[in-house]
Amino acid sequence: MHLYDLPTGVPWLSLIWLSMLVPAIIMMFLKPEQKYAIRMTGTIFAFISLALSLLLFFGYDYTSAQKLQFVEELPWLPQAGINYILAADGISMPMLILNGFVIFTGALMSWNIEERTREYWILLLILTAGVYGVFVSVDLFLFFVFYELAVLPMYLLIGIWGSTRKEYGAMKLTLYLMGGSAMIIIGMLALYYGSGLRTFDMRLLAQAALLPTSFQIAFFPPLFLGFAVLAGMFPFHTWSPTGHVAAPTAVSMLHAGVLMKLGAYGCLRAAMWLMPEGAHYWLLPIAIATLINAVYGATIAMTQRDFKFMIGYSSVSHMGLVVMGLAAGNEIGLIGSVLQMFAHGVMTALFFAVVGRMIYERTHTRQFPELGGMAKIMPFAAFVFVIAGLSSMGMPGFAGFWAEFNIFMGMWDRFPLISVLAAVSIPITAAYILRAMYTVFFGEVKDPSFFKLPKLTWQEYTGASILAAVILITGLYPSLLTEMIGSGVRPIAEAIQHAGTLTLGR
Amino acid sequence: MSFQITDIPRLLPELMLLALALLVLGTDVLERWGTDPESQRERGKAAGQLTAIGLGFVFVVALVQSKFLFTIPAPTADTNPILAYLLTLGGNLQAGGPGGAPILGAFATDNLTMVARLIFIGAAFLTTLLALDYRPSGNPGEFYALILFSTAGMNFMAAASELILAYIALELSSISLYILAGYFRNERISAEAGIKYFLFGSLSSGILLYGMSLAYGFTASVNHANGGQPIIATLFSEIAKAGAASPGGSLLTLAVIFVLAGIGYKVAVVPFHSWSPDVYQGAPTPITAFVSTASKTAGFILLYRVLVTAFPSITGSPGFDSNFSGWTSLLAIIALATVIFGNLSALPQKNAKRLLAYSSIGHAGFVLLAILLWTSTSPTDRTFGTASLIYYLLAYTATNLGAFGALAVIRDAVGGDDMSDLNGLWRRNIGLTLMLTIMVLSLAGVPPLSGFWAKFFAFMAGYKAGALLVVSVSVAMTIVSLYYYLGFLKAMWMNPPKSTEPVRTPPAMNVTLVISTILVLLLGLFPNLVWNILSQATLVAGR
């Protein structure tokens, strides 16, 4: 959508991530007792960041030949080829608004944090600033800095405000993700010296002719796997359900909703964009891993008795589909993959809002056998859960449908057998979502004390409504996103296809 | 080659340090102090404050002299006479700045020396502030004077381009530190630290001397065999010439091994590290901070200068391949052992000081990666390697001073420095907790703090040098290190406190903590502030 031209000369992208850092600094000067002021500051700035992202989203011209727009360049350590370069293209734009939606609704869901409110909000906002930064960085070094900034606050957020086995979950998550970072560092060093350019500017590094094929084949795996750990790719996914279950609601929303996308985005932006020939070589192994991800994740989700664990494993399964779209390596698969990042982000945020905030914070249980008939008690929660659930099952008319459809089409084009096998995950997903819907919302009310639960607050109504509306709008009008995503992924898809013809020609 | 009167300004910071040390000693010994606790406390304060003020002054002099900030213009004819006098004074001071041949061939005043001086004097200043409010002791004058003597020794170490001077400088700084480590001689653990430090240190000096004598003998005999003029065979430049004249001299390789072992003790790399956990744990915490930062930095700079100026002919290459020879290979092996051992043995530690001791062994391994890049002959690479080496030392010094400083505060307030003494610190003093968190994260290498850049530069240097294996293992070890650094965060932020009684930070210690926190943040956010200065240091005099 290109509705208007934004004035040039305004550092739009810096404004977005600074709009998360500024309130964090303001909060440091507020007293811990001023909880209302802290919450209000955080929510208002979260809304500002969402508004800025939407403003940019509708101002981005995807028909232009210049894919990277709103470019900002400042020297940071130019002697070592490290600069502060921000820009956004058709892939980053949907991710920006996704992050905007999730942090704004996540902020609304965080109003009930009473313990150490100030520290919680500061960490939450720093994390989000990092996420925004990753989506707009074009310098690989800066990209990595923001990436780490997004990952580390998670340790304290889960460790202090989490629930089930929080310290274990926090440590496991952090070490896994830092293990990924270690691989990313190796990949970065290789790109820096291997290209001979001594720069981290991805626009320059993306000139494929610089990197010999054998080099790409050797150094694609560390870079890709480093990010794939955060995307929850099999066999590096085990941190994710533990982490999600342990985390407080807004943090699980952000984590499953946005942070895991950071991994997939990194795979696409850093690994596949910079090393298309390496990507082409490794497509099949990745596709097989993601097949296991999708089917195995869904199967495990079906066996869970804990509601949050079920959502956690469903995230693993859906993120498997995201990476599967990447592994298709063609335009339609990549479009599906980015769309799935968006769709799953919104959907899973809604799931965690319902399960973590609306149900668990009130009933203090997440076990299926102990829950039941919640539709009678909080009909609104049931309503939005059904919307998210239908999207998760890939029901036509919901966001998830278009995403999964494109991913399977793309995969059919590349490895038809894997596409067929992966389709098994669809009925399994339908099964566990329907089971959850039935046992939690539509059965008999198990515990009469549930009738006395506190009512939903306005923050919960607003947040969940926004997310549900986004799912419906994307489902009914997907070309709002797909055209833009298409313009972003086309160069990458073409480079990978080109790598394919090179291999055949030899 | 003779000593000129104009060489005196070039030695000015060292001369000032020595004069200050005698002054501090004098005020303590010659002044009549009462024996009641009040005047004894006054006595300690006086010595400490004098030292701190003096060090601050010396730091400013060294900073002006280094020309890093500004160059003072020469006065013109119509300048105000008073201003002209001051300008001439400043000009004479800066005439002793970077550049020129080494004094008597032995004392190089290049950019490397200038940067190193600033690090040592700065570290000594911050250490003095840490010690000001620390537990009082019997003879405060000698305590501070020893810090000053040690600092002067480190300055000489960094500038030495001759074997005898290097050795004496190393001994001057070490012997002062032996006494300081065992300063609380009535405490078993401090006494043990002192004696252990001394025993290991003196043995290593012997090894170092042996290596030096081999280098000397080699140089003299090569010169004699070639029928050259009489030379001073202990100069680094002469050793380098002899090495170039007689390639493949295995005696020189032997000399490098012994020299490396001797200095390796000073910088605590595996396998010469075993003294350091006990000494770090037992020494008074401000001294631990000083030993782990300034002393280590001095060792690394001496190591760097010896290797690149005296032994360039046997540089070798660090990649584990057919061309495996020379001191870069040796350093690669040591670095590999150091990062693995240091980080793995930090895992089970329960005492925070001891944990940081092992972590600083691990850091020494990362630092070595930066030196490996000297294997490349390209000036760009060498500049990068040197700059990343000094950046690492600078960042590490700032960070560890802050970290040990925070532990000193906690030790005084809580009465211990075990990890469990950190429990729930956020409830007791959130400012201190925040600063220690920043320090620990910087040590762990979290962007955008300076520790991250330091490690990243070291990895870049190591990768470019071809030591992919060492770099990969080091990167993997940062994950291990993250586990124990997160342990600090867990204790401080998550565990319940033993008591909610607030922890008070004494003002002088607070200054140290705030300065080091600012440094860690500033170096991390704006590394380009110092990068150009550090890049100049590649032009090592005497090479």
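A salt bridge is taken here as a side-chain nitrogen of Lys or Arg within 4 Å of a carboxyl oxygen of Asp or Glu. By this rule, 2 salt bridges cross the interface of chain A and chain B. The structure is a predicted model, in which local features need pLDDT of at least 70 and side-chain atom pairs count only at pLDDT 80 or more, while totals for chains, interfaces and linings use all residues. Residues are numbered from 1 along each chain as its sequence is written, chains are lettered from A in the order in which they are written, and side-chain values use heavy atoms, without hydrogens or water.

One of the salt bridges joins A:R198 to B:D381, with the closest N and O atoms 2.8 Å apart. On the side of chain A that touches chain B, two or more residues each come from β1 (69–77), α4 (117–136), α5 (140–151), α6 (153–161), α7 (166–194) and α9 (213–230); helices (H or I, at least four residues) and strands (E, at least two) are DSSP runs numbered from the N terminus. The most is given by α7(A), with 14 residues. This side of chain A comprises 26 nonpolar, 4 polar and 6 charged residues, where Ala, Val, Leu, Ile, Met, Phe, Trp, Tyr, Cys and Pro count as nonpolar, Asp, Glu, Lys and Arg as charged, and the others, Gly among them, as polar. In total, 36 residues of chain A and 35 residues of chain B take part in the contact (heavy atoms within 4.5 Å). The buried area, which is the accessible area (1.4 Å probe) that two parts lose on being put together, summed over both, is about 3,300 Å², and carbon and sulfur atoms give 79% of this area.

A:R198 lies in the loop between α7 and α8 (202–205) of chain A. The residue has a positive phi of about 55 degrees although it is not a glycine. At 28% relative accessibility A:R198 is partly exposed (buried means under 20% relative accessible area, exposed over 50%, partly exposed in between; 1.4 Å probe, protein chains only). B:L104, in the loop between α3 (81–95) and α4 (111–132) of chain B, also is not a glycine and has a positive phi of about 55 degrees. Most residues other than glycine have a negative phi, and most peptide bonds are trans. A cis peptide bond, with omega about 0 degrees, joins A:F234 and A:P235, and A:P235 lies in the loop between α9 and α10 of chain A.

Helix α10 (residues 239–246) of chain A is mostly covered, with 8 of its 8 residues buried. The cover includes α6, α7, α9, α11, α13 (307–328) and α14 (331–363) of chain A. A:H255, in helix α11 (residues 249–274), is buried at a relative accessible area of 1%. Beyond its neighbours within four places in sequence, A:H255 contacts A:M154, A:L173, A:L177, A:W239, A:H244 and A:M260. The side chains of A:H255 and A:H244 are joined by a polar contact of 3.0 Å.

Notes:
A polar contact is a pair of N or O atoms within 3.5 Å; within protein, one must be able to donate a hydrogen and the other to accept it, and residues adjacent in sequence count only if both atoms are side-chain atoms.
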